[in-house]
Amino acid sequence: MIEIKDLSVNYVAQGERQSVLEEVNLELAAGETCAIIGPSGCGKSTMLKVVAGIITEFRGEVLIDGQPVCPKQQKIGFIPQNYGLLPWKNVYDNIQLGAKLKNKNQNTDKEKLAAFLKQLGLSGLERRYPGELSGGQQQRVALARSFVLKPDLLLMDEPFSALDAITREEMQQVFLSIWRKYSVSTILVTHYVEEAVYLGQKIVVLSGTPGKVSKVIDNPHFGVENIRSRPEFFELCRELRKMIKEDWSR
Ligand SMILES: Nc1ncnc2c1ncn2[C@@H]1O[C@H](COP(=O)(O)OP(=O)(O)O)[C@@H](O)[C@H]1O
Ligand SMILES: [Mg+2]
């Protein structure tokens, strides 16, 4: 279980103090997915970085299974906005990287890695470098790297935003199929309403400067087969869009 309690974050830039997040509260059951949606600049990336243990100066509490977040003790998979691949390492080494750091240089077992590569459609690309891959393929490598780690928590910052619409939908599906298999607790940030409704069991609307939680929705359509072509899917997207617009225009 993930608990965020009264989280507030300030940045100091050029001598000025700016409040970025204020009193954010969120609970996520183990194995659940949560989509955070909000306008640019409302603190979404900041929030993920706090949960990832990258930003350590904050007020409030972030607990994973009752323990304060600590990247040394918990396995946290973090996929930053640009995928975070190392350009000078090939696909195989990029995927091994997280697990290597965690498991003190022990390589992940070869069969498991091969299975991941296959499931993600990366077989045959092991020796390529990130610069030789499409956006969708880079995204797959980033997913493989995180899942190989068997994370307690997976954090994804606008994971599919840089992809074209068709590839994005395909990758959302790829994500769901691996998530189903490993049921990893996941928080993902997005600015696409459809993505939030498709991937979030829980949908959290952040708004304002500083960012605050303005709505939490338990998504009744999550995981329903062919949901993307059903009227109730469009209906929830429409409602959510309206809510967000009202929020953001305030
Ligand atoms: N390292 C930093 N130092 C100072 N201000 C920052 C820093 N990172 C982000 N900010 C500011 O904090 C606010 C929230 O940023 P961010 O969390 O990246 O928002 P989002 O991901 O929702 O677009 C923005 O106004 C941004 O300019
Ligand atoms: Mg961001």
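Predicted model: local features only at pLDDT ≥ 70, side-chain atom pairs only at ≥ 80, totals over all residues.
**S9 and its neighbours**

S9 and S10 (residues 212–218) run antiparallel and share six bridges. I picked out two facing pairs: Leu-206 sits opposite Val-213 of S10, and Lys-202 sits opposite Asp-218 of S10. Next I looked at the turn. The S9–S10 hairpin has four residues between its strands, and Gly-208 there has a positive phi near 85 degrees.

How much of S9 is buried? I went through residues 202–207 and found five of the six buried, so I noted S9 as mostly covered. I then checked its pairing with S3 (residues 33–37): these two are parallel, with four bridges between them. Ala-35 is found opposite Ile-203 of S9 in that pairing.

**The six-stranded sheet**

I wrote down the strand order as S6-S7-S8-S3-S9-S10, an open sheet of six strands with mixed pairing. Which strands stand at the edges? They are S6 (76–79) and S10; each has a single partner strand, so each has one side without a neighbour in the sheet. From one strand to the next, the twist averages 15 degrees.

I also looked up what packs on this sheet. Helix H7 (residues 231–249) does, and it touches S3, S9 and S10. I have its direction at about 20 degrees to that of S9. Further along in the strand order I checked S7 (residues 153–157) and S8 (residues 185–190), which are parallel and joined by five bridges. Asp-157 is opposite Val-189 of S8.

I followed the chain out of S10 and stopped at Pro-220, in the loop between S10 and H7. Is Pro-220 buried or exposed? I get 9 C-beta neighbours inside 10 Å, so Pro-220 counts as exposed. The cut-off behind that call is 12 or fewer such neighbours.

**The four-stranded sheet**

I moved on to the other strand order, S2-S1-S4-S5, which is an open sheet of four strands with antiparallel pairing. Its edges are S2 (16–28) and S5 (67–68); each of them has a single partner strand, so one side of each lacks a neighbour in the sheet.

I went through two of its pairings. S1 and S4 are antiparallel over five bridges, and Ser-8 has Arg-59 of S4 as its bridge partner. S4 (residues 59–64) and S5 are antiparallel too, over two bridges. For Ile-64, the bridge partner in S5 is Gln-67. I checked the turn here as well: the S4–S5 hairpin has two residues between its strands, and Asp-65 has a positive phi near 45 degrees.

What lies across S1, S2 and S4? It is H1, and I noted its angle to S2 as about 65 degrees.

**Around ligand 1**

H1 came up again when I listed the shell around ligand 1. Tyr-11, Ala-13, Val-20, Gly-38, Ser-40, Gly-41, Cys-42, Gly-43, Lys-44, Ser-45 and Thr-46 surround the ligand. Which elements each supply at least two residues of that shell? I found strand S1 (2–13) and helix H1 (44–51). H1 gives the most, with three residues. I then sorted the shell by class: four residues are nonpolar, six are polar and one is charged.

**Helix H4**

Last I went to H4 (residues 135–148). Its 14 residues reach 20 Å from first C-alpha to last, close to the 20 Å expected at 1.5 Å a residue. Why do I call H4 largely enclosed by the rest of the structure? I do so because 11 of its 14 residues are buried; the cut-off for that is 20 or more other C-beta atoms within 10 Å. The buried stretch takes in Gln-138, Gln-139, Arg-140, Val-141, Ala-142, Leu-143, Ala-144, Arg-145, Ser-146, Phe-147 and Val-148. I noted that two arginines, Arg-140 and Arg-145, are among them.

After H4 I came to Lys-150, which has a positive phi near 50 degrees.

How values were computed:
Residues numbered from 1 in each chain as written. Chains lettered and ligands numbered in written order. Near = placed C-beta within 6 Å. Nonpolar A, V, L, I, M, F, W, Y, C, P; charged D, E, K, R; others polar. Pairing = 2+ DSSP bridges. Expected span 1.5 Å × (residues − 1). Axes fitted to C-alpha atoms, helices over the stretch in contact; angles between N-to-C directions. Contact = placed C-beta atoms within 7 Å.
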